[in-house]
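Please examine the sequence and the three-dimensional structure shown below. The explanation after them is meant to be read alongside the coordinates.

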Amino acid sequence: MSHPSTESSPSSHYFRFQELLKKLQDLMAAGEGDSLAGDSVRDEMDALWPHLTEDEGRRLRGLSADLYALSGEEIPRTTTSQKTRDELPLRIKQAFEGERFDEVLELLRFHPEFLPRHAVAYLRGRCWLELDDFLPAAWFFDLAASLEPGHPSYAAMALNALSMGGRYDEAVARAHRAAADSSSSSVLLMTAAQALFTAAKHISEEKARTLYERVIETVTAALAHQGPTDRLVNLPGLRSAGRLCRAMAHERLGNVSEAGREYDALLKDDPTDTRSWLIAGLFDLGRDPRRADERFERAIRGGTSSPWPYLFLGHSRLLARDYKRVVELAQYGLNFAQTNSERAILFEWLGIAQAELSAPVDLVRYLFDAAVTLDPVNMNIRRNREAFEQAIGAGALASSAAFAPPPMPDIDQAREAVEAQQARSSVAAMGLAA
Amino acid sequence: MSVAPRLEDLPMHRVPVRFRRIVPDARGNDGDRIWGHGDGAFVACSVAKGLVLRPDEKRSGHGFVEPESTVPLQRYEEDLAATAREWSIDEPPVD
């Protein structure tokens, strides 16, 4: 868990407090910290403060200290000994590699000169981003970009953080500016396209069309940048993410043949990207089910960590009565399932397949029970367990049970999950660049 | 009334910025002062006529000065006002 509040509902007070801290920082940097405007911000903070958890308060205190870096007024905390100070770089490195991002941030407060200022700002941005605190992440990436304007990734990371944080208006405005600026790096253009695509999903269909068209133009412009001085766009993750974005934009615009061609080209160009196989497979569902199966199969063979190829291919194999393959897919898929309802579906399919393969009754019953326990409101699972029990109760073979065909997994949900993953993957690719 | 046992325990936006060397996250108005009352431990106790200190069970470093029993608001305000002369500026040196 990365957020200091709860897994399910991050506190809105926490996020509002972050914004107020930034407002206060800006006022203080402008010499207006003690003004009426400053006090009005503090009064609002007073109202929020009692509602914050201790963990949230602790993290906000850290943010308050870090924000002084934006105006170059950070005061490093003092350490007790030179030895401790000498150990800080190694401890920062170990904490970052161990993904202990709160600890990295805390250690940096003792040693902000550990790296050049722009690199520390970037590191802070990365930590805040990894903690799902997207707005602070954007502030520190912006700082890094202002300190090192020529860096290929910093401005893109800021834009990506805004988009991930749901700041669509600002993200779209920046993306349009980047697209209109001939000096924008290809990495920034690719990120702009992705931000536009993400924003388009949150506005009216009519307005979204304009954004999807802009996505296509922007990715095309980014790909055209492939000179020796702009080679970062060739980082596989980033290039594929951009092209995937263009393919999905075509798909959303109803340009089916362009989307199909784009997916084909993308898969040929980078056959190692399991996310592309999955998205292309989703595109094929309803159009070319056999090819969809092949693409899900490729995603699985490529080592995808997504449960969706297992769910879609498993469903297809179940309807085709290929029960041995269903057992394999469901068993492997359980390693990647992220929710109990996904696990329940896979247990249900295992139950059906094992029943059809004449497995021992106790095993089949165990599988159905597990499925019902994991998702007690899934009525299809309940019906199929009932069908199994009725067949056994009547002295018949489990394979004679009248199982109801399970519904196809939710394509929109799969798309949402994969697209959210895509933004994270771009971060990783840009992290390589940084 | 909210109180804290130490400067570091105050909400960051109420610690005057001049104390940043002690409280690096301080964001308070520099025109504000830090006031202290007594020198006893920060534990549940009577602090003045009609008033008790109750440390916050949910948040360490925070407490309430509240009436010792249910009283009209005006009475509580009067009891608090009566302690005015007992408070003194209690600030660490700023270097």
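The structure is a predicted model, and every value given here is computed from it.

Chain A contains 21 helices and 0 strands. Its C-alpha trace extends over about 85 × 50 × 45 Å along the principal axes. Of its 434 residues, 45% count as buried. Among the contacts in chain A with a separation of 6 or more, 58% are accounted for by residues 24 or more positions apart.

Chain B has 1 helix and 6 strands. Read from the N terminus, the order of its elements is β-β-β-β-β-α-β. The C-alpha trace of chain B spans about 40 × 30 × 25 Å along its principal axes. Chain B has 95 residues, of which 18% are buried. Residues 24 or more positions apart provide 42% of the contacts in chain B with a separation of 6 or more.

The two chains meet through 15 residues of chain A and 13 residues of chain B. On the side of chain A that touches chain B, helix 2 (36-48) and helix 3 (54-67) each supply at least two residues. By class, the residues on that side of chain A comprise 5 nonpolar, 3 polar and 7 charged.

Because 11 of the 14 residues of helix 7 of chain A are buried, the helix is largely enclosed by the rest of the structure. The buried residues include the aromatic side chains of A:Phe134, A:Trp139, A:Phe140 and A:Phe141. A:Asp142 is also one of the buried residues of this helix. Which helices surround the buried residues of helix 7 of chain A by packing against them? They are helix 1 (12-29), helix 3, helix 6 (117-130) and helix 8 (154-164) of chain A.

The pairing of helix 6 with helix 7 can be described in detail. Two packed helices are described by the angle between their axes and the distance between the axes. For helix 6 and helix 7 of chain A, the axes come within 8 Å and cross at roughly 165°. Since angles over 145 degrees count as roughly antiparallel, helix 6 of chain A is roughly antiparallel to helix 7 of chain A. The crossing of helix 6 past helix 7 in chain A is left-handed. On the side of helix 6 of chain A, the residues that meet helix 7 include A:Arg117, A:Ala121, A:Tyr122 and A:Trp128. Their counterparts in helix 7 of chain A include A:Phe134, A:Ala137, A:Phe140 and A:Leu147. The contact of helix 6 with helix 7 in chain A consists of 12 nonpolar, 2 polar and 2 charged residues.

Helix 6 of chain A also packs with helix 5 (residues 101-110) of chain A, at an angle of about 150° and with the axes 9 Å apart. Helix 5 and helix 6 of chain A are therefore roughly antiparallel to each other. Their crossing is left-handed. Helix 5 of chain A contributes A:Phe101, A:Val104, A:Leu105 and A:Leu108, while helix 6 of chain A contributes A:Val120, A:Leu123, A:Arg124, A:Cys127 and A:Glu130. This contact of helix 5 with helix 6 of chain A has 7 nonpolar, no polar and 2 charged residues. A:Arg124 of helix 6 is listed in the contact with helix 5 and in the contact with helix 7.

Further along chain A lies helix 16, residues 308-319. At 1.5 Å a residue its 12 residues should span 16 Å, and the end C-alpha atoms are 17 Å apart, which agrees. Of the 12 residues of helix 16 of chain A, 11 are buried, so this helix is largely enclosed by the rest of the structure. Among them are A:Trp308, A:Tyr310, A:Phe312, A:His315 and A:Arg317. Just after helix 16 of chain A, A:Arg321 has a positive phi of about 60°.

Helix 17 (residues 323-333) of chain A has A:Tyr323, A:Val326, A:Val327, A:Leu329, A:Ala330 and A:Gly333 as buried residues. The buried residues of helix 17 of chain A pack against helix 16 and helix 18 (340-356) of chain A.

Technical notes
Residues numbered from 1 in each chain as written. Chains lettered and ligands numbered in written order. Predicted model: local features only at pLDDT ≥ 70, side-chain atom pairs only at ≥ 80, totals over all residues. Contact = placed C-beta atoms within 7 Å. Helix = DSSP H or I, 4+ residues; strand = E, 2+ residues; numbered from the N terminus. Nonpolar A, V, L, I, M, F, W, Y, C, P; charged D, E, K, R; others polar. Buried ≥ 20, exposed ≤ 12 C-beta atoms within 10 Å, placed from the backbone. Axes fitted to C-alpha atoms, helices over the stretch in contact; angles between N-to-C directions. Parallel < 35°, antiparallel > 145°, perpendicular 65-115°, else oblique. Left-handed = near helix turned anticlockwise from the far one by under 90°. Expected span 1.5 Å × (residues − 1).
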